[in-house]
Amino acid sequence: MQKYFFILLGLISHNLFSQNYSQYVNPFIGTGGHGHTFPGAIVPFGMVQLSPDTRIDGSWDGCSGYHYSDSVIYGFSHTHLNGTGVSDYGDIMLMPTMGKPGLTPKEYSSKFSHNNEKATAGFYSVKLDRHNIDVRLTTTKRVGYHEYKFNKAGNANIILDLNHRDKLLEGEVKIIDSKTIEVFRRSEAWATNQYIFARIEFSKPMFETKSLIESPSQPGVASTNYNGTKIQIAFSSKVKKGEKILVKVAISPTGYEGAGKNMLAEGKSNDFETIKKQAEADWNKELSKIEVKSDNKDKLKIFYTALYHVFTQPNINMDVDGKYRGRDNKFYMAKDFDYYTVFSLWDTFRGAHPLMTLIDRKRTADFVNTFIKQREQGGRIPVWELASNETECMIGYHGVSVIADAMAKGITGFDYEKAFEASKNSAMQDIFGLNAYKQNNYISIDDEHESVSKTLEYAYDDWCIAQMAKILNKKDDYEYFMKRSQNWKNLYNPNNGFMQARKNGNWYEPFDPNEVNNNYTEGNSWHYSYSVPQDIPGLIEAHGGKEKFEQFIDAIFSASDKTTGREQVDITGLMGQYAQGNEPSHHIAYLYNFVDKPQKTEEKIKYILDNFYKNSPDGLIGNEDCGQMSAWYILSSMGIYSITPGKPEWETVIPYFDEIKLHLEDGTTKIITKNTPKSELKHLGFENVKSAKDLKYPEQTASPVIAADRLFDFSTQVKIIPLNEKDKVYYMTLDDDDKNVRKTFKAYKEPFTISKTTIVSTYAERNGEKSGITTANFNRRPNHWDITINSNVNPQYTAGGKFALIDGINGDVNWRKGEWQGYQGQTVEAIIDFKSPQQINYISSTYLQDSRAWILMPKKVEYYASMDGKTFILLKTLENSIDSKDTNVQTKDFSTEVLPTEARYLKVKAYHFGKLPEWHQGAGGEAYIFVDEISVK
């Protein structure tokens, strides 16, 4: 009977689309604070996001183009990103003005007031004070509709600025007739090669063919075709007081033909109200998938705005006929699926995509089909894909999580074999530390920056691939990836319970779990020490059982809420060190369920729901991150959350609302109340999914730690420590005298001493399973000089101490691995004491430039010599020749021969660049100098 009840209720409730759920959407939530959302007109998953731009720079809080604290609008563009931490989009910007047209942002921008601004689902309006123009915006999937009401008679202009926000690589404006133009824009920002085409239709003639247009690209020239990299055009016409001009903009990623087809399909109407009502209806259809009841209007607005934010992206990225631009910049036709873009997978795999598997299985299959095509066309499934570009932003290969979750939950509509092959391909690359990860079973600081986070997230992704292999009965692949999924064990320090970086075979010291540094991605050890979603029982066992692990969970919430090390703007919404404002923390409160303390989960989740989500512009505690921040709210308020996407089950908590109706695609409705048994919530929506048969897999043996001084004077003792006392340990040494000697591993029994530069390799074995090989290099000092540095090194970039500058070990271009010394806002002065007079004839010091990271070459480097350490004689001045605008990461040796000079002391003085110039994203900030090796002959 229960089954029939669900079906009947489903038929009834699906007639409720006419209910006005969109009335609860407040698009201004997240536009203030650091939410980075935008308030403009969109439809669910639409290609067009038509919104005002109040910021034309790439500032942190200007990522979406709009911030609630602003009072000036520069224009209305057709693409925007929802809550990201990097700036892009803002394509095809139009701005209405009155009087003589001005083509600079200062001339065409206008003040506005929030009192004259309104935003609802699918609609935005504002009054431009400077020009006395009322602007209204609405949209379809591919066509943006503008309505401009001119409140006084005179010369009306519509400015088109292709140089808006992103760097214009190539642009074109074609005049079709007095009411129609076509526009092409190829730009560079986060997406380095983005194409967009547009067909723009005005409701009245906007120019005469003879006295055409003002444009700096071709001043004073009447033309029908403008192109170049500087295109700003004013279209003008006389208007009466109160007259309205309607502008329709169809966009396409493929070409003018695609934009034209999109206009024919979605831009025929000249009735703004009809399009606005259709956009509202589109939203009501999507929002009606989840009905919640509450007497608290703010709670309803927070919930439905959260759902609205989840449905803002990924965005359809094909024309109405299915044509799309692939990752290889070629054109394809999508058959039997829709092709999408904007995949913020490091964020959204955790909550937004699991939510979609519950309420939109068809679209989930479309996402996976998009991944498969992107692998075929671009070599890999997406990491952070934007406008057919792989930005390589963030870490992991979390598209495999989306695929595994879909397969585990029985979602069909894509080729499982192709999806598995695409996933496996991502895991077998040799990029971003994966080569070391495959060889050694973990990534060390020496291999790659953000080594802890990458190791942990790769391990989870490998578990996802193993689940696919299990479903497809690929036993060998299952065993291989399940073993890899245990690689977290190599970074779990049993002495403190934290996930800790390893360097040169040892634990990286000094260690502070509060420190934000380059060993973690947007976080610290607190945030990542709980990141083993694929093996929570194993993590609990490593801690010594449920009681001790409960204490460890308690510890993150009771710790000081102060971070140390680098400032990280993403770390917000702190409860102790738990950070609701950033994704690595999102599952942690649910871990209490695993230690039989669900009441603690309920306490923490309710606190977060009550305090970190508000019906106000600053209502998000951190970046929206393409729907993840909101998806956490939706799932948690329903009483469920996916700690481990790839399992057809939820972790549960008491629902936040009294009653929730969940309308599924199969026509059934699930009703959730505060009294719904957690056993029912556990498999909500996936009750009939059959799990694949369990297979055996080998247990990972953790790699031993090698403890010794990396740099030593005469000798040092080497100690090898297994991470499990049951392990047997084997080792091998190799020094300069062993080059022609065949060496083999031997059993380790006790610490040993080395007195030469030596490579030590070791592995552990337990029950026949060998660990990866840990290798460490120990260097006997190439000299016995002393060095005094009369500058203050940044504690994040010490390279191990002052002797790093004269230890004979050179850092590479990946400065985040920690081999460079960094100094900010100061000239670097180092004095080397040779301990006795030496004849100098050659001097070199090496510096690094990464302009985007504020690291610039010194303006000049001076070398001085002295016998007494007090009076110095200038030997040489070397000027810098590398442009500060050169964004290539590179090193430069400031080297020179000098006339033979006897001296005991050498002074190196590297003059800092100073404050970052206006063109730099960090303008006004102090530049860094990064220096590594000083060599003297």
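Colleague: What is the volume of the second largest pocket?

Modeller: About 1100 Å³, where a volume is the space filled by probe spheres set on grid points that are joined across faces, edges and corners. Keep in mind that this is a predicted model, so local features need pLDDT of at least 70 and side-chain atom pairs count only at pLDDT 80 or more, while totals for chains, interfaces and linings use all residues. Residues are numbered from 1 along each chain as its sequence is written, and side-chain values use heavy atoms, with hydrogens and water left out.

Colleague: What makes something a pocket and not a cavity?

Modeller: Both are found on a 1 Å grid over the protein atoms alone: a cavity is a set of points where a 1.4 Å probe fits but cannot get out, while a pocket is an open set with protein on both sides within 12 Å along at least five of seven lines. Lining residues have an atom within 4 Å of a point.

Colleague: Which residues lie closest to the centre of the second largest pocket?

Modeller: Of the 49 lining residues, they are Gln534, Asp535, Pro537, Gly538 and Tyr697. Helix 15 (536-543) is among the elements that give two or more residues to that lining, and helix 15 gives the most, with five. A helix here is a DSSP run of H or I with at least four residues, a strand is a run of E with at least two, and both are numbered from the N terminus.

Colleague: How many residues of that pocket lining are nonpolar, polar and charged?

Modeller: There are 25 nonpolar, 13 polar and 11 charged. Ala, Val, Leu, Ile, Met, Phe, Trp, Tyr, Cys and Pro count as nonpolar, Asp, Glu, Lys and Arg as charged, and the others, Gly among them, as polar.

Colleague: And the cavities: how many are of 30 Å³ or more?

Modeller: Eight. The largest has a volume of about 200 Å³, and among the residues closest to its centre are Phe349, Arg350 and His587. Helix 12 gives the largest share of its lining, three residues. The second largest cavity comes in at about 170 Å³. Its lining has 17 residues, with Tyr89, Gln194, Pro253, Asn317 and Ala387 nearest the centre. Strand 13 gives the most to this lining, three residues.

Colleague: Why are helix 17 and helix 18 called oblique to each other?

Modeller: Helix 17 (residues 598-611) and helix 18 (residues 628-638) pack at about 130°, with their axes 11 Å apart. Axes are lines fitted to C-alpha atoms, for helices over the stretch in contact, and angles run from 0 to 180 degrees between N-to-C directions. Under 35 degrees counts as roughly parallel, over 145 as roughly antiparallel, 65 to 115 as roughly perpendicular and the rest as oblique. The two helices are therefore oblique.
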